[in-house]
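Have a look at the structure first.

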Amino acid sequence: MPDNHDSAYTRRLFLKQGMTLASMVSTAPLFIQRSALGLMHPAGSMLSSQPGIPDDRILVVVQLGGGNDGLNTVVPYGNNLYYNARPGIAIPAPGRSNGPQQGALKLDDSQGIGLHPNMAGFKELYDDGVASIVQGVGYPNPNRSHFTSMDIWHTAEHSAKGYGWIGKYFDNTCNGTPIPEGSIAIGRTSPLAMQGGIQKPVTFESEELFRWLGEDVQSDLDKPYTEINRSGVLEDVNPDSQMGFLMRTALDAQVSSERIRKAVARTPLVNYPGNNLAKQLRIVGAMIRDGMNTRVYYVTLGGFDTHAGQAQRHARLMLQFGQSVNAFYKDLKKQGNNSRVLTMAFSEFGRRVKQNASGGTDHGTAAPMYFIGDMVRPGLLGNHPSLSDLDSGDLKWNVDFREIYTAVLEDWLKAPAAKVLGKKYRKAKIIKV
Amino acid sequence: MAKSLRQLSPDKFDYWQAQHLLNRAGFGGTPSQVRALANMGLEKAVDYIVDYDQIDDEPVDAETFDSDIMRPRTLDENKEIRAARQSGDEATVQRYRLERMKRQGADRRQIAEIRRWWFRKMIETPRPLQEKMTLFWHGHFATGYRNIEDSYHMFIQNQLFRHNAVGNFRRLTHAIIRDPAMIRYLDNNQNRRAKPNENLARELMELFTLGEGNDYTENDIKEGARALTGYTYNDDRFIGLQSRRYKQMHDDGRKVILRQIGNFNGDDFVEIILSRKVCSEFITWKLYRYFVNDMPGEPNPQGQDFVVDLAKLFRKSKYELKPFLKTLFKSEHFYEPDNVCSQIKNPVQLLVQAVRSLQTPTRSLQALLSAADLMGQNIMFPPSVKGWEGGRAWINTATIFVRQNVLVYLLTGQRPDVYPWQVDGTKYDPSHLLDHFEAPLRDINVKEAIKYLVWFNLGRKPHEKRIASLVDYANKRGGILTPEILVEILALITAMPEYQLC
């Protein structure tokens, strides 16, 4: 049984019991105190999660910003062309080493494909059958600008313009009303992918910022702050006015803030490493454990733009990525939420096949994507892109990333993919159905 | 003049109306600035704000920023790189690649500089309406740096908006189809006779003039795109309708646009669109949301009449903005209770108004820009060609905390460890806000002072209960006003949901 029952006082339950967040209703006064207090007094052991019900399915997107080097992550050690193109930075075959550089972890020896040696955390999940790698993901006419290519991935449009694909997913499924905290991004800025016409993400970098900081200036300010957000609020105020809307949202913010900070303050069920990605995933894990209504979470790890001195920098990032997603999955498993959460990692592009003169690699094209969760079809999916049939020095893609989005939308989130993406794409077979 | 546009009776224009005018037509002001405006009377006050060219301002030098960072390659350079590619001279190709990356880096630094420069201008300008309208046009003809990666083009466009801020919409629309940033952003540089690109033609009708689906068809877009073929730029300039390149690219054939037939070019296309009644109404409606009322959905019947009649005036004046804005700011409707303190401040408004009206230190412009980004308004990086939606879309449970916290930062210079904002030790003394009490701070009645501060900041008479906790607090802190206590009181006032409105 999920371990989160003691605090599983979810919004869903609110709705069942005839209560809801203040911003969702127009006549609020009655709800104010109840919703604010309600969260502090969880209602017994009602569970938030019912595995298998689409409503409870969660997507976590991990963005690897800067262009992750796919070839040194999923290593074609069986192919000499790889070693010819990258004499200084190639990852040796399993069991071999090159100075300090250890050999790859074996994924599929018959194909000669392995994993960066620092990705042991991911490898463990892979071996357990709860992770997959989709090889050679890209799109036609690849763009090698970070900005533009990232926006192409975010909007799912080659023009790189318009709303984000996750935003459009909500817009197409939410009946015209945004879902409060339906999507949460951890970070300094809101990713374009989460921006919809109707649905906007809630973005915060750390749960500690999800609160008023005036009390840090003078601790006595705490009490009057609470009062100004509660007393006299909505008296003589038209609930449909902008003022009514603001007062309700401010109140919701107090409720969410308390809830989220309380959730994150709990000791997680597993130890997370101290790196930045792990910190973000720890927060996400805590919110999932708390039974929040959020359907999509978004976290980011940057620094993959390894033009120079790649070996060490990339190795560090691989370690962070592998360890973090490993801890995150184990956390979810202990919570009993491992079948509810699909984690998907991508980068805006891969890197060129040939290394450059500075011991690094320049912007490239197709690259692998990574999936974790009990619902993924595990293993190595698709073919490794050819190292001989290149497009002016770059890998050719086998799978359009929108075929992946189509699968995530249809097979996981149960949403009309063609409507969301504005076009019908073939569906990649990456989710167990 | 139409009944719905009738003017406010001049004797009804006092301090609070002047504050409303200054908030909406600009970014608010100090108590003494508001008083000065009130003393002018309605007529003169509005003219003063709209006819701002009478107010001296430092002209902006075109050399303020470097125009050459992203200049196109010269013919010789192109030759060299082509030769290097053909001969497999990797070193040269790599040198060009590195050089380009270096220039892109420099350009990103310059766009950050331009953003700071504009933000400072909004804070310091003696012509607030000019910057307020520049911001409006930036959201209307939304263009983002990310897709064009040329900071100087963003600067040129920003200057175009500034020059035409309250000029003529028709002139501005003709200028925008010649603007390098816009052309690049909507791919019109790829719009040529043999291979038309519809992007600019579509958005020109859908977002910039007529409104989605209003009065035009897909076929009008196709034909409009043909009219716009050849409208492109070279380096920082429109190539001109006489240039050889234009003649090569432009499709001079017969077109049918909105039921009119002719060998139209892009400027004819603009004229055809602007002659539609629905265009004047669409723009008026957008300006109404920006200046008068941003409630979701249709305005009330009174507001609808106002928009229809104002649009008529707009057409009659051939899209001149000054008479339009003067009528709007002088109208009784603009000062209706439903339209006062009822608009959600956009993030820029929140910040600039706070600095201008409270006279806090500016702290760090970079911090303010990044706060605006966290609140959803990253200037020069709009989320899409639709610009910012505005209104309730600004507000959610996370942005509301950023809105409160950035005010704490402006007031105190302190920031929590996790925000990357620069800590600033400058002390802020708000005593000047209470100048009209004409007494030393410690002699001013606490309750009266707090009442005034709440009223000044929220623009309305506060509910008694909302004041009580502030007075309690001040009494607990000694009952005598000091600059520190005033700052704390302001931190509370600006954390009230009402503060998000103007």
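Q: What makes B:Leu351 a residue that touches B:Leu368, B:Ala371, B:Ala372 and B:Val406?
A: Two residues are in contact if their C-beta atoms, placed from the backbone, lie within 7 Å. B:Leu351 meets this with B:Leu368, B:Ala371, B:Ala372 and B:Val406, leaving aside residues up to four places away in sequence. This is a predicted model, in which local features need pLDDT of at least 70, side-chain atom pairs count only at pLDDT 80 or more, and totals for chains, interfaces and linings use all residues. Residues are numbered from 1 along each chain as its sequence is written, and chains are lettered from A and ligands numbered from 1 in the order in which they are written.

Q: Which residues make the contact of α18(B) with α20(B)?
A: From α18(B) come B:Leu350, B:Leu351, B:Ala354 and B:Val355, and from α20(B) come B:Arg403, B:Val406, B:Leu407 and B:Leu410. By class, that is seven nonpolar, no polar and one charged residues; Ala, Val, Leu, Ile, Met, Phe, Trp, Tyr, Cys and Pro count as nonpolar, Asp, Glu, Lys and Arg as charged, and the others, Gly among them, as polar.

Q: How many residues does each chain bring to the contact between chain A and chain B?
A: Chain B brings 47 residues and chain A brings 54 residues. On the side of chain B that touches chain A, α20(B) gives the largest share, eight residues. That side of chain B has 22 nonpolar, 14 polar and eleven charged residues.

Definitions and conventions: Helix = DSSP H or I, 4+ residues; strand = E, 2+ residues; numbered from the N terminus.
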